[in-house]
Amino acid sequence: MASNVLGFLNDKNILVSGSTGFLGKIFLEKILRTQPGIKRIFVLLRAKDVASARLRFKNEVMKLELFKTLREQYGDEFESFVLQKVVPLVGDIAADDSLGIDSESTREDLWENLDAIVNNAASTVLDDRYDISLNVNAKGAKNIVEFAKRCRKLQILLHVSTAYVAGRGSGKIKERPVKILETVPTDNGSEDESGIPLRLDIEEEFGLIEKTVAKIHMNSSTTATETKGSVKATEAEHLIELGLKRARSFGWPNTYSFTKAMGEMIVEKARGNLPVVIIRPSIIESTLAEPFPGWIEGSRTIDTLIVRYGRGRMSSFLADPDLILDVIPADLVVNAMIVAMATHACENGLFIYHSASSVGNPLLYPVVRDEAFKYFSQHPCLDKEGNIIHVKEFPFLKSMGSFRRYMHLHYKAPLQVVGAVNKILCSIMMFTERYNMNFTERYNMNFTERYNEMLRNYNKVMYLAELYEPYAFFQGRFDTTNTEGLLNKISEEDRMAFNFDVKCIDWRHYYSNIHIPGLVKYVLK
């Protein structure tokens with residue numbers, strides 16, 4: 001079987017959004033390394049002008065260690081090679097259906113010459129402001145589709161989503177579309193205050209945001225003491241709460257997965273005759289092999305726990321050890337993206353693929369715990385004073401109930417004692433104030449600050465636990481029938497160059513020798 005992926009992008013022009021994100025950077029590197037015959041890669045960047053966009057691309061993308069293989073390959077010609085292929089554009093997918101590209105000649109050039117569009121832009125914060133998340137993940141998706149429809153020779157539109165558009169799904173979750181205006185059942189019933197079943201109308205969600213913001217500003221105008229900064233803080237707080245409330249009322253655990261689901265609904269409804277591929281990764285982790293093992297940016301869902309454990313800040317693990325943790329190395333996701341683009345170019349249809357491991361190569365939580373303990377026992381972190389941080393094996397807390405009990409016993413109850421002592425000290429300070437006892441006052445201030453900091457940390461941990469609970473106890477497994485079929489369609493040569501077979505992963509080796517060392521190098525630093 002001849003290769004139809006290697007060289008697929010020869011002499012082609014593609015537009016990429018989200019190129020400064022974790023996955024976007026890996027996608028760009030892979031394209032430049034394996035498809036050097038590509039004509040131009042237009043990257044959409046938020047910037048004030050073209051010069052700023054170019055500078056941002058150089059600083060946030062080109063300078064990364066991720067590109068060291070290409071840098072070694074091209075030597076002194078590396079920068080000229082990349083900038084000959086990559087064209088930074090000023091734009092924003094959330095702006096309008098021209099993607100915020102002001103230059104008419106640039107838009108016409110794109111509509112005339114683009115062969116493929118890759119929409120990788122996303123707001124990935126689980127509890128982002130509802131307006132930000134909805135604008136990027138839903139409105140942005142709509143704008144991309146409308147822009148793609150104007151392209152005269154477009155062969156494929158690839159939209160990167162998330163497997164968790166399934167919400168609180170259970171059992172085997174199929175690779176099929178999320179339907180628009182579909183009532184989504186939840187555990188507590190999808191009904192409004194009048195008892196009427198909720199139906200999701202995306203336009204109404206935008207209207208709800210506008211009403212919420214208007215109400216906040218109207219209330220602030222009647223309060224003379226409110227500053228501009230405090231109004232903005234109030235607005236952010238209310239929009240974060242609104243996003244989570246709306247998501248949970250429709251059956252999604254957080255604003256991110258909810259708005260990504262809406263993005264998919266829009267793409268499916270608005271695409272017309274466009275050939276569209278939707279890739280749904282599960283939790284994306286560090287690279288397995290390409291361009292080298294272990295590259296990562298930031299800490300993702302499970303990584304937050306691993307990092308806290310290595311720093312000696314975690315003594316228990318919120319998860320059911322009998323459940324499966326679905327993670328996928330980033331380079332496997334990118335390979336699946338490229339293969340899907342090449343396979344479905346010019347095919348009128350909607351093609352959905354899960355990039356996930358829970359069916360093909362299940363990973364259990366104890367593997368991650370055991371390998372983290374082994375790694376940090378052999379390679380301990382140091383505290384600020386340079387002392388070794390010793391880690392201990394820790395238990396699993398198998399439910400939110402057990403987690404709350406654990407936190408109350410070990411943290412909340414002692415905090416309540418500290419709070420009582422703090423009140424006593426406050427009373428002492430007030431009693432001795434007339435004697436100008438500065439030592440008592442200073443001591444009490446330090447004690448109060450420490451108590452308030454401990455209380456903030458406790459509340460933050462509890463909030464994060466509630467936020468991540470749906471992932472820690474997720475009951476679903478992502479079906480990969482379509483993905484496995486895609487893998488079987490390609491030649492052996494393409495399999496070697498664009499591997500996305502999860503069965504090739506040895507999870508113990510991956511965590512102990514690749515992923516955790518990558519976290520230590522690029523995240524813990």
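Guide: Buried means under 20% relative accessible area, exposed over 50%, and partly exposed in between, with a 1.4 Å probe and protein chains only. This is a predicted model, where local features need pLDDT of at least 70 and side-chain atom pairs count only at 80 or more, while totals for chains, interfaces and linings use all residues. Residues are numbered from 1 along each chain as its sequence is written, and side-chain values use heavy atoms, leaving out hydrogens and water.

Visitor: OK, so why is L415 called buried?

Guide: Its relative accessible area is 5%, and the cut-off is under 20%, so L415 is buried. L415 belongs to helix α13, residues 400-432; helices here are DSSP runs of H or I with at least four residues, strands are E runs of at least two, and both are numbered from the N terminus. Overall, the protein has 17 helices and 13 strands, and 52% of its 525 residues are buried.

Visitor: What does L415 touch, if you skip residues up to four places away in sequence?

Guide: Y451, M454, L455 and Y458, where a contact is heavy atoms within 4.5 Å. L415 and Y451 are 36 residues apart along the chain, yet their C-alpha atoms are 7.6 Å apart. Across the protein, take contacts between residues at least 6 apart in sequence: 83% of them join residues at least 24 apart.

Visitor: What makes the span of α6 close to the expected one?

Guide: The expected span is 1.5 Å times one less than the number of residues. α6 (130-149) has 20 residues and runs 28 Å from first C-alpha to last, against an expected 28 Å. There is still a bend of about 35° at G140, the angle between axes fitted to the seven residues ending there and the seven starting there. As for cover, 14 of the 20 residues in α6 are buried.

Visitor: What makes Y164 and F474 an edge-to-face pair?

Guide: Phe, Tyr and Trp rings (the six-membered one for Trp) pair if their centres lie within 6.5 Å; planes under 30 degrees apart are stacked, over 60 edge-to-face, the rest tilted. By that rule there are 21 aromatic pairs. For Y164 and F474 the centres are 5.2 Å apart and the planes make 70°, so the pair is edge-to-face. Y164 sits in the loop between β5 and β6, and F474 in the loop between α14 and β13, so the pair ties together parts 310 residues apart in sequence. Both partners are buried, Y164 at 6% and F474 at 8%.

W507 and Y510 are edge-to-face too, at 5.7 Å and 80°. Those two are three residues apart in α17 (507-524), about one helical turn. W507 is buried at 5% and Y510 at 1%. There's also an aromatic cluster made of Y309, F317, Y365, Y375, F376, F394 and F396.

Visitor: How many disulfides turn up?

Guide: Zero, searching the whole structure for cysteine sulfur pairs within 2.5 Å. Among the cysteines, C151 is buried at 9%, whereas C346 has 57% and so counts as exposed.
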